[in-house]
Amino acid sequence: MLRYIARRALQIIPTILGISIISFSLLYIFPGDPAEFIVEARYGVEPTQEMVEKIRIEMGLDKPFVVQYFNWLSKAVRGDFGISWTEDKTVMEVILERLPISAELFFATFAISVVFALILGVISAVHKDKAIDHICRIYSLLGISIPSFWLGLILIWIFSVQLHLLPAFGCCELKHLILPVLTWCFSFMAIKTRFVRASLLEELSKNYVITARAKGLPEKLVVFRHALRNALIPIITYFSLSLHHLIVGSIMVEVVFSWPGLGSLLVESVFKRDFPVVQALVFLSGVLLITMNLVVDLLYAVIDPRIRYGD
Amino acid sequence: MFKVIEIFRGIEIPKNNLCRIGLSVVLFIILLGSFAPLIAKDPYETNMAKRLESPSSEHFFGADQLGRDLFSRVIYGARTSLIVAITISAFSMGIGCLIGAVSGYFGGIIDDVIGRIIDVFLSIPEIVVNIALVGVFCTIYGSSTWNVILAVVFTNWVSYARITRGIVLSLKEREFIFCSKAIGAKSSWILFKHIIPNALGPIIVLATLNVGNIILTIASLGFLGLGIQPPTPEWGQLLNSGKNYIATAPWITFFPGLFIALSVFGFNLLGEGLRDILERRRIYE
């Protein structure tokens, strides 16, 4: 088991290096002189030669690409992404400020989606090819087709403009949370419902289900005690994979509702050209995705020993 | 074209419910886009007297904040979205399929390296990188539609590469490839005459679903103000300007969004339907 963990952990290193190269290059191809830009953005004054010179040396901008990259990488793996170009804070401080706000939105959406996706997916699979199944399938296609920013605006129009029930934007109280969560759930749930349906259907087509039915078990027991339990392995895997949406997972929803989380931070930073923040967000969301993949693989090996031995 | 009809057993397309609805929606959007000059008026003509006018028999979808006819802008928007989405999809397909085919076919160290690169691109969050790249490109080149195309192709080619690589790896072991090699066929001949035609089915399914996705990505970028710039009409960007008038003129938001949803839905349905047909065909064989 330990060997398996070690080998899988080593395998992600080249991928993380690749992501770090992509995110670092984002900043490196910045046109003109970043040092001049930093002086202007941060102090709001015409850059003088010595100030630019000072910042350039301070941030190591005078060194060649490879040196700069390794400097950046060695700090980045320790969570130090340098200083923001437009604010007098470190990039990490800027990100940590926004993380809890994003997390609130994400976990609310995640919890609700998991519950309803399971319910809808099971109903859909059990009643395969009946009316209710068609409705669920159409919903899951609509969920991935309807742009969340449009849905969000329509909900704002209904609940804020017409009915005056909920605020259109703002943050951090329960009433502010309802519309963004509803909007995000609509698409978040759709893909998951579909996955639950597919996994359960696959289990239901296996031989042991036929045996269970043949020996006269009630359908309820066949589905819930036998098929669903086995289907839960891929389902749990799939659900935990989507945890990577925690970092910059809901850009469009956050922007529509002016929710000051990491998604909004990304867009703001792009407009302010605060590229160290953009770079850190790209890197972190990539790393989180890979790490989730790894954790899920390991969990899988714990749940299902066949995987470990087969390898 | 005949090849495509053959792969999907042409006659089955109208029999499959998903395909039928999907294809009608897609054709409807394509026709709207192609015949935009006949259907719509001038989408650029401003008329401040008609600012934010509500929908009427003269202006089906109302007028926007500069008094432009929203119906015309939405119809011309179909043109923009389709052209850009298909361009992106074509570039990604070309690059991705080539890389995937080379990687799968030659194997060895080439495959190891390309496989790693594919892994990296599969694990970067697409929309995050798209937004970041468009931001960087805008700073370097100023805003243009090519920024959007380049940024999306950068992340989008990888799905084509992955699927092509997988197919090539499985085809490589089949007898007809061995035979072809035994007769002395060159690599390029095998690649273009045997492998690519066999990989065409799954790639077309992917491309159909992909165009839908790209339309959504373009609209998202447009909505953030990073996409195709005004005055060129584009659905996401129309929504972006509409959101400021949501209380007084909700139609500016409503109609462009409806068309985004409709076209993405159409491409998704068509893609799903084609996949169904392909899978059933495989079972028959």
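A residue is counted as buried if 20 or more other C-beta atoms lie within 10 Å of its own, and as exposed if 12 or fewer do. In the predicted model described here, Arg73(B) has 30 C-beta neighbours inside 10 Å and is therefore buried. Arg73(B) is located in helix H5 of chain B. Apart from neighbours within four places in sequence, Arg73(B) is in contact with Pro43(B), Asp64(B), Arg68(B), Pro233(B) and Leu238(B). Phe61(B) is 12 residues from Arg73(B) in sequence, and the C-alpha atoms of the two are 9.6 Å apart.

Chain B has a mean pLDDT of 86, with 95% of its residues at 70 or more. Among the elements of chain B, the highest mean pLDDT, 92, belongs to H5(B), the helix that carries Arg73(B). The lowest, 64, belongs to helix H1 (residues 2-7) of chain B.

Chain B contains 12 helices and zero strands. Its C-alpha atoms occupy a box of roughly 75 × 45 × 25 Å along the principal axes. Of its 285 residues, 48% are buried. Among contacts in chain B with a separation of 6 or more, 71% join residues 24 or more positions apart.

The packing of two helices is described by the angle between their axes and the distance between the axes. For helix H3 (residues 17-34) and helix H5 (residues 70-106) of chain B, the angle is about 105 degrees and the axes are 7 Å apart. Angles of 65 to 115 degrees count as roughly perpendicular, and H3(B) and H5(B) are therefore assigned to that class. On the H3(B) side the contact involves Ile29(B), Ile30(B), Leu32(B) and Gly33(B), which meet Ile75(B), Ala78(B), Arg79(B) and Leu82(B) of H5(B). By class, this contact comprises six nonpolar residues, one polar residue and one charged residue.

Between the two chains, 36 residues of chain A are in contact with 35 residues of chain B. On the chain A side, at least two residues each come from helices H1 (2-28), H6 (131-145), H7 (148-162), H11 (251-256), H12 (262-272) and H13 (275-303). H13(A) gives the largest share of that side, with seven residues.

Within chain A, the domain assignment gives domain 1 (2-76) and domain 2 (100-303). The C-alpha centres of these two domains of chain A are 34 Å apart. Their contact draws 15 residues from domain 1 and 13 residues from domain 2 of chain A. On the domain 1 side, the largest share, 13 residues, is contributed by H1(A). The domain 1 side of this contact has 11 nonpolar, three polar and one charged residues. H1(A) also supplies at least two residues to the side of chain A that touches chain B.

Ser250(A) lies in the loop between helix H10 (219-241) and H11 of chain A. Ser250(A) is buried, because 27 other C-beta atoms lie within 10 Å. Residues up to four places away in sequence aside, Ser250(A) touches Leu105(A), Phe106(A), Trp184(A), His245(A) and Gly263(A). Trp184(A) is 66 residues from Ser250(A) along the chain, with a C-alpha separation of 7.5 Å.

Most residues other than glycine have a negative phi, and most peptide bonds are trans. Asp129(A), which is not a glycine, has a positive phi of about 65 degrees. Asp129(A) is in the loop between helix H5 (91-126) and H6 of chain A, and counts as exposed because 8 other C-beta atoms lie within 10 Å. His164(A), also not a glycine, has a positive phi of about 50 degrees. The position of His164(A) is in the loop between H7 and helix H8 (174-204) of chain A. With 8 C-beta neighbours inside 10 Å, His164(A) is likewise exposed. In chain B, the peptide bond from Pro230(B) to Pro231(B) is cis, with omega near 10 degrees. Pro231(B) belongs to the loop between helix H10 (187-224) and helix H11 (235-242) of chain B.

Key. Residues numbered from 1 in each chain as written. Chains lettered and ligands numbered in written order. Predicted model: local features only at pLDDT ≥ 70, side-chain atom pairs only at ≥ 80, totals over all residues. Contact = placed C-beta atoms within 7 Å. Helix = DSSP H or I, 4+ residues; strand = E, 2+ residues; numbered from the N terminus. Domains from an automatic or database assignment. Nonpolar A, V, L, I, M, F, W, Y, C, P; charged D, E, K, R; others polar. Axes fitted to C-alpha atoms, helices over the stretch in contact; angles between N-to-C directions. Parallel < 35°, antiparallel > 145°, perpendicular 65-115°, else oblique. pLDDT = per-residue confidence, 0-100.
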